[in-house]
Structures are given as C-alpha cells and as structure tokens.
Amino acid sequence: MAETVNDYLLRAGRLPDGGLRFVDRGEQATWVGWGEVRERALAVAAGLLAAGAGRGDRVALVFPTGVEFFAAFFGALLAGAVPVPLYPPVRLGRLQEYVSRTTRMLAACEALVVLADARVKRFLGEAVAAARPRLGCRTLAELPGGTSADVAEVAAAAAAAATTAATGGGPRPDDLALIQFSSGTTVAPKAVALSHSAVVAQTEILSGCWADREGLRHSCASWLPLYHDMGLIGCVFPALARDATLTLLPPELFVARPALWLRAIGRYGATISPAPNFGYSLCLTRVADAEMAGVDLSCWRAALNGAEPVAPGVLRAFARRFARWGLSPAALTPVYGLSEAALAVTFSALDRPSRSGWYDREALARERVARRVSPSAGGAHDENGAGGAGDAGGAGDASDARGLAGLPERAQEIVSVGRPLPGFRLSVRDPQGRELPPGRVGRLWVSGPSLMQGYLGDPEGTARALRAGWLDTGDLGFLDDGELYLTGRAKDLIILRGRNHSPAEIEQAVDSLPGARAGCAVAVSWLPDGASGEVLALFVERSRHATTAELAALPDACRGAVLTATGLALDRLEILAPGTLPRTSSGKLQRSETLRLHLAGKLTPPAPVTTLRLARAAARSGLGYARWRLARRREG
C-alpha cells in the first residue's frame with residue numbers, strides 16, 4: 001500500500017487508460033497519460049531544486065484546469081516541497097478583492113515561490129509585492145532549466161524514497177502533502193495542513209467505494225476546481241491511485257454551458273461525477289433538451305452531491321428531468337465532508353435512492369429535537385425511525401405528490417447525507433461538549449484517519465478545532481437510525497424570537513423561481529440598533545436571462561415562497577445584480593460577509609470588465625513586481 005502521494009505518482013502509468021482527459025469549449029479532448037504527468041513533474045521538480053526550493057518549502061500554485069497544474073503540483077511534491085493550490089482570478093470584476101485574499105493566503109502559508117499560468121501571472125504582482133515570497137512568481141517555463149541529468153537524479157531519488165522509509169530525501173507519511181485552504185464561509189480562509197498519511201487514508205477510503213470488477217472499470221468526470229478539496233482529493237487522487245481515467249472540464253466552462261458536463265459523462269462513460277447542489281440546480285434551468293440529444297447517462301453510478309446544503313427538491317427534480325436519458329435515481333448520492341478531514345466523512349448508500357425525512361419545524365427550532373412527522377396520505381414516512389424515510393432522489397409520481405402536499409405546513413424536509421465512511425466516527429454534542437442521543441440537534445464532531453494536522457500558524461485555532469482526536473466541524477445536525485442529517489452551520493444560524501432557523505432552507509425556497517439565479521440567495525438576520533427584535537433579510541441575485549415580467553414578479557414570488565416553505569415573513573428583501581453576493585475561493589456564498597457589506601453600504605455588483613480596466617490591473621501588477629524586485633535587491 002502507498003504511504004505517500006508520491007508513491008501513487010511513481011506507480012501510475014502502467015495501464016493504457018490511466019490518465020487525464022481535458023475537454024475544451026469545442027468538446028475536443030486532449031489526452032495526457034499518468035506517465036507523461038510524471039515526466040513533466042520530474043522536470044518541474046528539477047527546476048524547483050535548481051531555483052533553491054528545499055524540503056518542506058511551500059510552493060503556491062495558481063493555475064486554471066490544465067496539465068500545467070498537475071506538473072506543478074506533483075513537481076513540488078517530488079522536490080520535497082509542499083504544494084499550496086490557490087484559485088485563479090475567475091471574477092475579473094472583483095480583482096482587488098482577489099489580490100487582497102491572495103496576499104493573505106500567500107502570507108499564511110509562508111510561500112517560498114508562486115508558480116502560475118502565464119495569463120494569471122499578469123495580475124499577481126500586487127499580491128507578490130505584499131506577501132514577498134523569496135523566489136517571487138514564475139511560470140513553469142521561467143524555472144531554471146534542469147538538465148537531463150538533473151531530472152534523472154530527481155527520478156532516482158524519488159524512486160529510492162518510494163522503496164525505503166529511511167531515505168533522507170523523500171517524504172515521510174507524517175510530512176505535509178499539501179496545504180488546503182478552507183472555504184471560509186463564516187471566517188477568513190484557514191490554511192489546513194494535511195499530511196501524506198491523511199491524504200493517502202482518504203484516497204484509499206474513496207477508492208474502496210469504486211471497486212472495479214469484470215466488465216466494469218470506474219472512471220470519473222469533473223468540472224470542479226483543482227484547488228478545491230472535492231476536485232483534487234475527491235477526483236484526482238483516487239484516479240491516480242487506481243491508475244484510472246479522469247475527464248476534466250474547466251469550471252468556468254461548466255458555468256457557461258452546464259450541458260457539457262452531462263455530455264462528457266455520457267460520451268466517455270464516466271461512472272463517478274460529483275458536484276455541489278448548485279451544479280445540479282444549474283442543470284435544471286440551463287440545460288435544454290436539444291443539448292441532450294444522443295446522451296446516455298445510464299453509466300453514471302455515483303452522482304455525489306456535497307460541499308453545500310443538499311436541497312431535496314433539487315434531487316427529485318434532477319432525477320425526474322434526466323431519467324429519460326438513462327439516469328438512475330439510485331445514482332444521486334448526498335455526501336458530507338470538509339477540508340479539515342481531507343474531504344469525505346459520510347456517504348449515502350450507493351445502491352439505492354437517497355433518503356430524506358420530514359421533521360417538526362417547531363421542535364427543531366425551539367427544542368432542538370428531530371421529531372418525525374407523517375403525511376396525511378400515503379405511508380412514505382413514519383415517526384419512529386429511518387425506515388419511514390422517503391426517497392429524496394426518487395423520480396416520484398402523483399401519489400408521492402399527494403403525500404407531500406398533505407404534510408403539516410410546519411414540517412421541514414431534510415436529506416440524509418449517509419453513514420460514516422470506514423474508519424470515521426460521529427458524535428453530536430451540546431454546547432458543553434456532552435454527547436447527545438440520536439434525534440437531538442447539536443454540534444457535529446468527527447473522528448477518523450484523515451484529519452488535518454492543524455491550521456498552519458494558528459495553534460489557538462487548532463486547539464479549538466481538534467481535541468483528543470476529535471474534530472469540531474462547526475456544523476449542526478442530528479443522527480437518525482445511524483444516518484447523519486445536517487441542519488446548518490453554527491455561526492450561520494438564524495435566531496428569531498427564540499427559535500433557530502436554517503438559512504439554507506430559506507434560500508432554497510427561492511432557488512427555482514423564474515427570474516432568480518439558481519444557488520444565489522443568502523438569508524441573514526441581525527438586531528438593528530434600538531430595535532426590539534431581529535430582522536430577517538433575504539438577498540437574491542436575479543438571473544442574467546430573466547425577462548421583464550419575471551423581474552417584476554420576483555419580489556412577491558420570493559416573499560410567498562419563503563412564507564410557504566418556512567412560515568417566516570421576510571422583513572427585508574433585496575434583488576441584486578448577478579455576481580453581487582460575496583463568495584469564497586471555492587464558490588460558496590458568504591452569509592456573514594454579505595451582512596457586513598450590506599450594513600456598510602458596500603454590497604455592490606462587480607465592476608464591468610473592460611479592456612481598460614484589465615490594462616490598469618496589469619499595470620498595477622507590473623509595478624508590484626518592480627517593488628518586489630527592489631525589495632529583494634535591498635535584502636541582498
């Protein structure tokens with residue numbers, strides 16, 4: 001069994017179908033085998049060593065989806081350094097925010113050097129000047145040219161390290177494999193330190209979920225960013241470990257044309273493909289039937305849904321919509337994980353439709369008790385256990401609809417995100433840290449083989465999160481018949497008149513309204529000065545494709561949808577231009593930041609992207625590089 005990520009790379013490339021397939025805007029594919037990835041990485045490693053990088057140095061990576069990312073990532077590992085994937089500037093109207101965030105990340109990880117795509121490098125100068133990595137920012141072509149002898153030396157050292165733990169030059173299992181920045185939905189992004197042993201443990205667990213058998217060789221297709229744990233750890237590493245195929249689309253291509261994701265799954269027979277809930281929602285509104293001509297989704301066995309709250313309505317609608325193209329309801333698989341656990345913690349069953357339960361809203365809000373309720377018609381749900389849970393991903397029929405319509409109006413549907421993966425344990429605790437029984441809502445703690453070493457440079461934050469082998473996730477939820485049901489983030493919780501409410505349920509109520517942008521709503525509450533109670537506000541981005549009539553009807557539709565779904569009346573509603581809501585590096589909406597900007601009068605749409613504005617940004621970047629060079633000369 002592999003002990004380090006390097007071991008996976010050195011062993012891969014022995015099977016003809018093992019490698020990376022990059023799909024472009026014209027649906028043309030470029031193939032790069034794992035063997036070629038290794039050769040490119042060895043050349044980068046030689047260049048890094050020649051430039052002065054050494055064991056344990058942090059190498060920041062800023063690349064779009066492409067082979068250069070892989071050469072840089074694995075090249076850093078083969079050089080004994082620690083790769084730190086960062087996100088490229090995808091929101092060009094928010095470049096100054098990007099510069100500020102990137103500066104903080106470079107400083108937090110104490111980067112020695114930034115390796116970047118040539119196009120991205122044009123805009124990184126200000127961040128480099130502020131964070132001052134010793135070796136600056138370079139493209140791969142700007143690394144010192146390693147000779148063939150240098151590359152051979154790196155290859156020999158890597159091979160020797162893979163065969164003996166006593167080798168001085170190779171990584172040990174407890175060495176850092178990468179630094180992964182957390183999403184930062186409620187706080188500033190934190191540098192999550194993940195060891196080789198943690199990443200390997202997670203990779204082996206995930207690979208065990210996709211056991212090949214005669215006539216079935218699993219492969220994955222993904223549009224997820226490579227700097228995000230779900231894209232890197234969840235897709236890249238299992239494919240590498242299994243010497244299998246990974247089909248990749250750039251995330252910006254998916255957002256522009258989501259049908260290309262589904263077409264790639266069908267064309268290349270991918271059996272595994274994950275996405276957050278908004279990805280499935282986007283397909284419902286932005287994929288035309290004509291774009292699905294000839295597509296066969298019957299190969300798709302694991303449509304993993306994680307990284308953000310799972311909406312049961314989206315699961316049902318996606319299953320219904322794409323059943324005609326062969327999608328099985330059993331493929332839809334809600335999951336749960338987080339960066340601090342190197343990704344996955346729980347999976348729903350892979351051989352049946354996902355499950356959901358209806359719970360008394362008042363009991364959840366006031367008593368923090370998960371009390372099941374039954375529909376007035378039909379027997380899909382019961383009050384005594386998960387045996388009565390419904391199929392959230394099932395295609396449904398008229399009898400299902402009658403059953404749902406008969407539910408008490410104060411009931412809330414919550415999707416199960418499954419049971420712990422092998423080696424993981426769950427504990428739901430009260431604010432004092434005492435374990436709660438099943439059916440009680442509390443703070444979720446997890447224990448398992450792939451937990452982080454800690455937050456880099458933040459011993460106090462590490463001490464708060466990790467205690468006696470357990471990780472405080474900051475998420476709220478409960479256990480029902482051994483399965484996990486999440487109710488929200490502790491810091492995002494909305495408290496109105498003594499009752500707790502999940503912002504996700506409020507936001508999901510407007511997700512499919514005509515004129516609303518899918519997955520782009522934020523619910524928050526606060527107590528204004530002098531007010532007698534908290535104010536509930538909802539911020540909704542309008543769709544770029546909304547008609548005049550849809551926009552006119554949207555405010556009333558939002559208020560009505562929230563009242564129907566949750567029983568709550570909105571105190572304030574803001575319809576925003578597309579792109580206004582702040583997001584994390586992985587695309588998650590930031591509720592607390594939304595509120596901060598709103599109260600400060602700074603919740604504004606991104607600046608228009610013009611040639612002149614980009615030229616000015618590039619000029620500021622150039623001046624930043626000049627300041628960095630001057631500072632280096634002064635330091636000697």
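Which helix gives the largest share of the lining of the largest cavity? The answer is α14, with 3 residues.

## What you're looking at

This is a predicted model, where local features need pLDDT of at least 70, side-chain atom pairs count only at pLDDT 80 or more, and totals for chains, interfaces and linings use all residues. Residues are numbered from 1 along each chain as its sequence is written, and side-chain values use heavy atoms, with hydrogens and water left out.

The protein has 20 helices and 28 strands; these are DSSP runs numbered from the N terminus, with helices being H or I of at least four residues and strands being E of at least two. Of its 636 residues, 58% count as buried. Here buried means under 20% relative accessible area, exposed means over 50%, and partly exposed is in between (1.4 Å probe, protein chains only). Take the contacts with a separation of 6 or more, and 73% of them are between residues 24 or more positions apart; a contact means heavy atoms within 4.5 Å.

## Cavities

Back to that opening question. A cavity is a set of points, on a 1 Å grid over the protein atoms alone, where a 1.4 Å probe fits but cannot get out; lining residues have an atom within 4 Å of a point.

The largest cavity is lined by 13 residues, and L364, T487, N500, H501 and S502 are the closest to its centre. Both α14 (361-367) and β25 (499-501) supply at least two residues of that lining.

## The nonpolar cores

The largest nonpolar core holds 123 residues, and the members touching the most others are F74, L115 and L262. Helix α3 (residues 67-78) gives the most to this core, with 10 residues. By nonpolar core we mean a set of buried Ala, Val, Leu, Ile, Met, Phe, Trp, Tyr and Cys residues joined through side-chain atoms within 4.5 Å.

What does F74 contact beyond its neighbours within four places in sequence? Its partners are V5, L9, V37, A41, V236, F237 and L240. There's also a second, separate core of 28 residues, with A60, A116, F181 and L456 among them.

The whole structure has 22 aromatic pairs. Rings of Phe, Tyr and Trp (its six-membered ring) pair if their centres lie within 6.5 Å; planes under 30 degrees apart count as stacked, over 60 as edge-to-face and the rest as tilted. F318 and F322 make a tilted pair, 4.7 Å centre to centre with 45 degrees between the planes. Both sit in helix α13 (residues 312-322), 4 residues apart, or about one turn of the helix. F318 is buried at 1% relative accessible area, and F322 is buried at 0%. Since 8 of the 11 residues of α13 are buried, the helix is largely enclosed by the rest of the structure. F318 and F322 also belong to a cluster linked by ring pairs, along with W223, F254, W261, F278, Y280, W300 and W325.

Y359 and F478 form an edge-to-face pair, 4.9 Å centre to centre with 70 degrees between the planes. This pair links distant parts of the chain: Y359 is in strand β14 (residues 355-360) and F478 in strand β22 (residues 470-480), 119 residues apart. Both Y359 and F478 are buried.

## Lysines over rings

K121 lies over the face of Y625, 5.7 Å from the ring centre, and K190 lies over the face of Y455 at 4.6 Å. The rule for a charge over a ring is NZ of Lys or CZ of Arg within 6 Å of the ring centre and within 35 degrees of the ring normal.

Most residues other than glycine have a negative phi. D243 has a positive phi of about 55 degrees although it is not a glycine, and so does A468. D243 sits in the loop between α9 (229-241) and β10 (245-248), while A468 is in the loop between β21 (466-467) and β22. Are these residues buried or exposed? D243 is buried, with a relative accessible area of 7%, whereas A468 is exposed, at 83%.

Methods
1 Å grid on protein atoms, 1.4 Å probe; cavity = no way out; pocket = protein on both sides within 12 Å on 5 of 7 lines; lining within 4 Å.
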